[in-house]
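Let's take a walk through this structure together. Keep it open beside you as you read.

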Protein chains: 2
Amino acid sequence: MTQSERNALRAWLDLLTASNAIKKSIDTALRTQFGVSISRFDVLSALDRAGPEGLRAGDLSQRLMVTEGNTTQVTAPLIRDGLVKRISSREDGRVAIFRLTRKGEKLFEKMADEHRSWVSDAFTGLSQNELAMLRRLLGKLKLPLDKEKRNAA
Amino acid sequence: MTQSERNALRAWLDLLTASNAIKKSIDTALRTQFGVSISRFDVLSALDRAGPEGLRAGDLSQRLMVTEGNTTQVTAPLIRDGLVKRISSREDGRVAIFRLTRKGEKLFEKMADEHRSWVSDAFTGLSQNELAMLRRLLGKLKLPLDKEKRNAA
DNA sequence: TGAAATAATTTTAGGATTAAAATATCCAGT
DNA sequence: ACTGGATATTTTAATCCTAAAATTATTTCA
């Protein structure tokens, strides 16, 4: 094992550990304060950004980088809880469109505030320059292009 | 939302995306070439490092940063496949000790080689200096100390 | 010594995720 | 209009993970 390989392994371990730890703390905080997991929060966030038009199931899945089956399942409890509405497209009967309800918007607004502050807190140790540097370095990683989704419009 | 908060959110998204993408590509490669998930690989790796003494279930869980219930479940198929052996401690009947079988050692050796090269590959875009810088920046993140495990020996 | 407290692990129930099979709808060409 | 193929989504079965309850074994101390 070369020194370079050893360093890559260490960096990978650090990266994974940091990411897991922050994710877990955000998930725990979201569940405690709002009863919503980070997965559900991500759905609400994507739908909030999409606005009143909502998003097709496929587009939602693509933005969240999860399978469509996953989207079906994660949205289910959000619909049950009245935070998200599922509408069948009138133009194309196959298409499912999801959008936030008024209740979902209200809740998301509160969650987003807290979420922002938790993330800020995790990164307070880094100056603005260091933050930019971190992003630049992450951008240099060779990330596998997911599937052949690249073709999709 | 301040500029600083916005930057933290962006950095967090980049961090999570990079970590997910690399993890997924390693998991896929491990499954394809060896029929072993990344979780199981992690168990094999910890046991390999522990050597012939093996590891107690609790210690294994702690090193992998997962719950003990998870360890019980992830080791089960490894035992079924003859890669790991579970032994009851003779000194303390409550304690379960896991260690690699000869077959497990052999397989892990091959997997570790490939794994090392995949990780190296993901980080090839970064110089040794950049790698060190990345680790330094990750070290500045405020990571939530997991539970009150800190007390444990 | 033996009951209660403690400790290590497993079991259970449920959420998140994926891949693959199933379903439902639309579209094209005849 | 009908059939075959493509497309969008849902369902199903499995893995991974957690928290909490249950189990099993040890230790303590009256």
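A residue counts as buried when its relative accessible area is under 20%, exposed when over 50%, and partly exposed in between (1.4 Å probe, protein chains only). You'll find B:Thr101 in the loop between β3 (96-100) and α5 (102-122) of chain B; helices (H or I, at least four residues) and strands (E, at least two) are DSSP runs, numbered from the N terminus.

This is a predicted model, where local features need pLDDT of at least 70, side-chain atom pairs count only at pLDDT 80 or more, and totals for chains, interfaces and linings use all residues. Residues are numbered from 1 along each chain as its sequence is written, chains are lettered from A and ligands numbered from 1 in the order in which they are written, and side-chain values use heavy atoms, leaving out hydrogens and water.

Now, who touches whom? Contact means heavy atoms within 4.5 Å, and residues up to four places away in sequence are skipped for both rows here.

| Residue | In contact with |
|---|---|
| B:Thr101 | B:Gly82, B:Leu83, B:Val84, B:Lys85 |
| B:Phe123 | A:Ala8, A:Ala11, A:Trp12, A:Leu15, A:Leu141, B:Ile22, B:Leu131, B:Leu134 |

Next, look at helix α2 of chain B, residues 38-50. Its buried residues are B:Ile38, B:Phe41, B:Val43, B:Leu44, B:Ala46 and B:Leu47. Just after α2(B) comes B:Gly51, with a positive phi of about 80°.

Over residues 147-153 of chain A, though, the pLDDT is below 50.

Conventions: pLDDT = per-residue confidence, 0-100. Expected span 1.5 Å × (residues − 1).
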